[in-house]
Amino acid sequence: MIDLTINKTGLEHNIQKAKENNIIIPTFAQMQNPELIPGKILDRLQKAGLWDVDPVNLFRITWLNEAKEQGGLFQKVPNYVEIPSALSGVPCRIIAMAGKWFPTGCHKVGASFGCLAPRLVTGQFDTTYHHAVWPSTGNYCRGGAFNSKLLACDSVAILPQDMSRERFEWLQSIAGQVIATPGCESNVKEIFDKTWELKKDPTMMIFNQFSEMGNPLWHYNVTGTALATLFEAVKKPGDQFVGACFTSGSAGTMSAGDLLKERYPHLKLAVGEALQCPTILDNGFGGHRIEGIGDKHIPWVHNVKNTDMVIDIDDEDSQRLLRLFNTTEGQQYLREELHLEEEMIEKLTWLGISGIANVLCCIKMAKYYELGEHDVVGTVLTDSAVMYQSRTRELSEMYGEYTPVEAAKDHALHMLGLKTDHMLELTYPERKRVHNLKYYTWVEQQGMSVEDLNAQWYDTEHTWDAVHAQAKELDALIDAFNEETGLLKSL
Ligand SMILES: Cc1ncc(COP(=O)(O)O)c(C=O)c1O
């Protein structure tokens, strides 16, 4: 459970700071249903850009933003891409919600809000004293630094030095401090070591997405609800929501699957990882190129007992498809050979590298369960290709000029040719084997208790269920906070 004990002094400071900076905090209910947002805030949003550093953009931490760079409001159904069968090679319907239309171009602003909000509205985090430290492999610390700025807090972003240029360049302009740790995507241990070093300074408050329950709380309530809304909006007579697949970085997104399994009890929930770092499948390790996922450990916030399947994706597949979807020649192939509409070709640029991997997981699941045209599998596109322009350039340098023939080969080999290899339907003991891996990271290294580890396995009601239900309690605290600043009343 998330500790919601009030620190009176910190809370008074935060209320004062919010007043000075005109900060109104959105509730989880508003993120699920933006129709609850007051009209005066909508007026302000109409004047604000999606990425503007303006506190009103806190209200855009939702899947229901209009797909607009400037002045967008909200819609009833999340932005999504339905992958055509001509592309996927499987008859089942694959629906993917797009993270591109969140501020920062990635849904991780939501996870970071979920981690920061509880400590802000309880006063445990004091904006006049603490710095918010965001350890991550990229997007979470981008989201954290962005939210910190909107909430007038100082921030420190920590990420591995080999992450894409785009991440660093943007962070330099938003975060108070940016720390690059050694290694690539999967070097999370180095990030943790840095946070222990920083923790010696009492002004540094760490928001570790891998262990903060605010992360799954946000995804269960906001992402899970949005995916269910999407399915209900697009389903045709006879359609069934049978599967959801999410590659795991912090495993926050996985908890959207917890909600979906409650609503659709037959749904299978799969976790994806890079074949080059097969920690869940094989207790394996290694570097890989699917940025944002797979960090050689099992995150504390992953509800492994509720995970039905693990699917590994070769990082070469996602790289090759990134090229297919984001080059003129690749798009020519999609248009002329697959006869995709222009709108679909444009929407395929909404898939970042991990988004492509998510879609590949859905295809492998579809092949494994032999899913048909009335079966629907859901996923998310965490960020978009905008974040990887430098990667596409690097691929051109590595592989030479792209041509429609290369595009056809990439499609055939890296998408249509996917097999049901490197995946596993998890039995009870296999799930337990994965869960037990948490011991080495979290109990041995990071100070968690064996009792809490066991509770995650044996006591769902007082662990996962209890955390998911805390959104209501948090909303009450957020309402009280906004009431104290008086800003809502004086809109
Ligand atoms: C691009 C990208 N994809 C996927 C993920 C994984 O999401 P989660 O941390 O919710 O497992 C992340 C996490 O930071 C990410 O940045």
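The crossing of helices α12 and α15 is right-handed, where right-handed means that the near helix is turned clockwise from the far one by less than a right angle, and left-handed anticlockwise. The model is predicted: local features need pLDDT of at least 70, side-chain atom pairs count only at pLDDT 80 or more, and totals for chains, interfaces and linings use all residues. Residues are numbered from 1 along each chain as its sequence is written.

**Stop one: α12 and α15**

Select residues 315-326 for α12 and 353-368 for α15. Helices here are DSSP runs of H or I with at least four residues, strands are runs of E with at least two, and both are numbered from the N terminus. The two axes come within 9 Å and cross at roughly 115°; axes are lines fitted to C-alpha atoms, for helices over the stretch in contact, and angles run from 0 to 180 degrees between N-to-C directions. α12 and α15 are therefore roughly perpendicular (65 to 115 degrees; under 35 is roughly parallel, over 145 roughly antiparallel, the rest oblique).

Now show D317, S318, L321 and L322 of α12, which meet I353, I356, A357 and L360 of α15. Contact means C-beta atoms, placed from the backbone, within 7 Å. This contact has 6 nonpolar, 1 polar and 1 charged residues. Nonpolar covers Ala, Val, Leu, Ile, Met, Phe, Trp, Tyr, Cys and Pro; charged covers Asp, Glu, Lys and Arg; the others, Gly among them, are polar.

**Stop two: α9 and α10**

Go to α9 (residues 214-234) and α10 (residues 254-263), whose axes lie 7 Å apart at an angle of about 50°. That angle makes α9 oblique to α10. Their crossing is right-handed. Among the residues in contact are P216, H219 and Y220 of α9 and S255, A256 and D258 of α10. By class, the contact divides into 7 nonpolar, 5 polar and 2 charged residues.

**Stop three: the sheet**

Colour the strands of the open sheet, 4 in the order β5-β4-β3-β6, with parallel pairing; two strands pair if DSSP finds at least two bridges between them. β5 (177-181) and β6 (204-206) each have a single partner strand, so one side of each is left without a neighbour in the sheet. Neighbouring strands are turned by 25° against each other on average, direction ignored. Select β3 (residues 131-135): 3 bridges join this strand to β6. One place to look is H131, whose bridge partner in β6 is M204.

**Stop four: the ligand**

Finally, select the ligand, which 18 residues surround, counted by a C-beta atom, placed from the backbone, within 6 Å. The closest are N139, G249, S250, G292 and S354. The shell has 3 nonpolar, 12 polar and 3 charged residues.

Definitions and conventions. Two residues are in contact if their C-beta atoms, placed from the backbone, lie within 7 Å.
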